[in-house]
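Visitor: I am new to this structure. Please take me through one part of it, slowly enough to follow.

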Amino acid sequence: TAADADIGIHMLPGFSAQNQYALPNKIFEYLMAGLAVVVTDLPEMARIVRSFEVGVLVSRDAPEEIPDQHVELQRGRELPVIFQACRGYKNKVKGGR
């Protein structure tokens, strides 16, 4: 399950308007499970990541960045900060519970 992981990865190609503005449920599943996310730098997914500081963005033109971002998150000191932000997001969505 997602709760057994530390990082959730969800990539979408940005070749269509539908993908450009997609906001997949999978991202919210990851966040509610407390995972940091690595997602494509598309408008709506980027808005969530930037607004809540819950992960990192990968250029849709450079999928080879995925392993580097994943490793950087695992090694970096920012992962505990992102986990805290994920908990804050989860609490905000659940109405402060």
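Visitor: Does Phe-52 count as buried, partly exposed or exposed, and what is its relative accessibility? Please look closely at the helix around this residue.

Guide: A word first: this is a predicted model. Phe-52 has 26% relative accessibility, so it counts as partly exposed. Buried would need a value under 20%, and exposed a value over 50%.

Phe-52 lies in helix α3, which covers residues 43–52. Within α3, Met-45, Ala-46, Ile-48 and Val-49 are buried. Look down the helix axis. The buried residues of α3 fall within an arc of 160°, so they line one face of the helix. What do they pack against? Their partners are strand β1 (7–10), helix α2 (25–32), strand β2 (36–40) and strand β3 (55–58). After α3 comes Glu-53. Its phi is positive, near 50°.

Next, the rings. The model has 2 aromatic pairs. Take Phe-28 and Tyr-89. Their ring centres are 6.5 Å apart and their planes stand at 25°, so this pair is stacked. A stacked pair needs planes under 30 degrees apart. Phe-28 sits in helix α2, and Tyr-89 in helix α5 (residues 78–93). Tyr-89, at 8%, counts as buried.

Phe-52 comes back here. Phe-52 and Tyr-89 form an edge-to-face pair, with 4.8 Å from centre to centre and 80° between the planes. Phe-52 belongs to α3 and Tyr-89 to α5, so this pair ties together parts that are 37 residues apart in sequence.

Last, a stop at β3, one of the elements that the buried residues of α3 pack against. Strand β3 holds Val-58. At 0% relative accessibility, Val-58 counts as buried. Leaving out residues up to four places away in sequence, Val-58 touches Met-11, Val-38, Val-39, Thr-40, Asp-41, Pro-63, Glu-65, Ile-66 and Gln-69. How far is Val-58 from Lys-90 in space, C-alpha to C-alpha? The distance is 23 Å, and the two residues are 32 residues apart in sequence.

Terms used: Residues numbered from 1 in each chain as written. Predicted model: local features only at pLDDT ≥ 70, side-chain atom pairs only at ≥ 80, totals over all residues. Heavy atoms only, no water. Buried < 20%, exposed > 50% of the residue type's maximum accessible area, 1.4 Å probe, protein only. Helix = DSSP H or I, 4+ residues; strand = E, 2+ residues; numbered from the N terminus. Arc of directions from axis to C-beta. Contact = heavy atoms within 4.5 Å. Phe/Tyr/Trp six-rings, centres within 6.5 Å; stacked < 30°, edge-to-face > 60°.
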